[in-house]
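Please look over the fold below.

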Amino acid sequence: MTELAAVKAALKTQAVETPSWAYGNSGTRFKVFAQAGVPRDPREKLDDAAKVHEFTGVAPTVALHIPWDKVDDYAALAKYAGERGVKLGAINSNTFQDDDYKLGSICHPDAAVRRKAVDHLLECVDIMDATGSADLKLWFADGTNYPGQDDVRERQDRLAEGLAEVYARLGEGQRMLLEYKFFEPAFYTTDVPDWGTAYAHCLKLGPKAQVVVDTGHHAPGTNIEFIVATLLREGKLGGFDFNSRFYADDDLMVGAADPFQLFRIMYEVVRGGGFGAESGVAFMLDQCHNIEAKIPAIIRSVMNVQEATAKALLVDRGALAAAQREGDVLGANAVLMDAYNTDVRPLLREVREEMGLGPDPLAAYARSGWAEKIVAERVGGQQAGWGA
């Protein structure tokens with residue numbers, strides 16, 4: 001197989017999970033802007049996700065968020081997804097929107113609140129059993145705003161205790177993916193603020209616990225690809241939440257703010273053996289499309305990940321290794337820059353055509369009439385969005 005054929009074959013195996021909540025209404029802290037045609041329930045979200053997969057060919061799974069996607073029959077929802085050509089993916093918990101969680105959830109000083117939070121996480125594992133989902137994704141808004149507000153070490157003890165109980169509930173083939181965020185909504189201490197804290201808890205829990213890297217959850221200037229390389233080296237990189245940031249957790253479309261960073265991340269993924277289903281590394285979008293149309297934004301995001309991946313796969317690793325061994329600083333950098341500066345759009349058009357898809361997913365979606373159809377048909381009822 002030629003090098004180019006190998007790159008094409010790898011790109012055809014790519015899988016990017018889309019998040020159910022990205023199809024609903026979202027906004028800033030000041031305003032949620034509603035859009036016509038937005039889904040009103042989880043099934044309509046799956047309908048839209050199926051369209052993304054139909055036109056990209058690489059978005060076969062959809063992440064759920066509980067209770068935003070709560071239904072009476074999760075097995076039936078999984079069946080519905082399958083009938084539309086997609087599957088249910090990670091189950092995301094929500095321990096940050098109830099009034100009880102003002103001072104935290106799993107780290108709360110009140111044992112009754114901690115019990116409520118852990119019970120919710122256990123409920124999410126029950127949902128995994130019903131849907132066939134393999135991953136439980138955890139992000140905690142827990143933290144403090146003022147020195148002395150709570151005991152920092154005790155909060156870590158509570159976190160460890162709660163995670164251990166949920167970990168013990170996981171079944172065969174199920175994983176716990178722990179996400180971190182360096183600030184917000186807490187501003188003095190955050191209970192899982194960085195990859196080191198997440199890694200330490202996952203290491204103690206065992207092999208079913210791994211770290212999630214949200215590309216928007218880092219301070220300015222953070223070398224995210226170093227984190228990725230280190231977690232891959234340790235076998236603890238469970239997956240990604242892809243988005244972009246200019247300032248903080250902006251949740252913009254992946255690749256929009258710094259496509260070069262996304263390329264560097266994807267190169268370390270490829271270099272570290274994290275690309276491909278056998279690696280166990282899950283690639284998911286986690287974005288809020290506040291002013292742009294939902295489905296086209298998600299399609300564009302999938303395409304951005306594809307482009308970064310294609311460039312990463314085109315890096316001449318032999319030439320790069322030779323330059324590194326020789327201490328050729330500029331030569332090594334040039335190898336990476338040559339791959340990054342390659343226009344991979346023609347290559348990806350060829351890949352899509354070989355997969356039986358339209359070469360331009362956005363144009364194919366626009367021609368499909370789906371946008372007009374959902375605007376005409378989704379009238380009345382309660383649109384999905386934050387808290388729904």
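The report starts with the basis of the model and then turns to the sheet.

## Basis

This is a predicted model: local features need pLDDT of at least 70, side-chain atom pairs count only at pLDDT 80 or more, and totals for chains, interfaces and linings use all residues. Residues are numbered from 1 along each chain as its sequence is written, and side-chain values use heavy atoms, with hydrogens and water left out.

## The sheet

An open sheet holds 8 strands in the order 1-2-3-4-6-8-9-10, with parallel pairing. Strands are DSSP E runs of at least two residues, helices H or I runs of at least four, both numbered from the N terminus. Pairing requires at least two DSSP bridges between two strands.

Strand 1 (18–19) and strand 10 (282–285) are the edges; each has a single partner strand, so one side of each lacks a neighbour in the sheet. Strand 1 joins strand 2 (residues 61–65) over 2 bridges, in the parallel sense. Pro19 stands opposite Ala63 in strand 2.

## Helices across the sheet

Helix 3 (residues 74–83) lies across strand 2 and strand 3 (87–92), at about 135° to strand 3. Helix 9 (residues 294–313) lies across strand 1, strand 9 (237–242) and strand 10. Its angle to strand 10 is about 145°. Axes are lines fitted to C-alpha atoms, for helices over the stretch in contact (heavy atoms within 4.5 Å). Angles run from 0 to 180 degrees between N-to-C directions.

## Ser244

Ser244 sits in the loop between strand 9 and helix 8 (259–271). Is Ser244 buried or exposed? Ser244 counts as buried because its relative accessibility is 5%, and the cut-off is under 20% relative accessible area (1.4 Å probe, protein chains only).

A polar atom of the Ser244 side chain lies 3.4 Å from the backbone nitrogen of Ala257. Beyond its neighbours within four places in sequence, Ser244 has contacts including Asp250, Leu252 and Ala257.

Notes:
Buried means under 20% relative accessible area, exposed over 50%, partly exposed in between (1.4 Å probe, protein chains only). A polar contact is a pair of N or O atoms within 3.5 Å; within protein, one must be able to donate a hydrogen and the other to accept it, and residues adjacent in sequence count only if both atoms are side-chain atoms.
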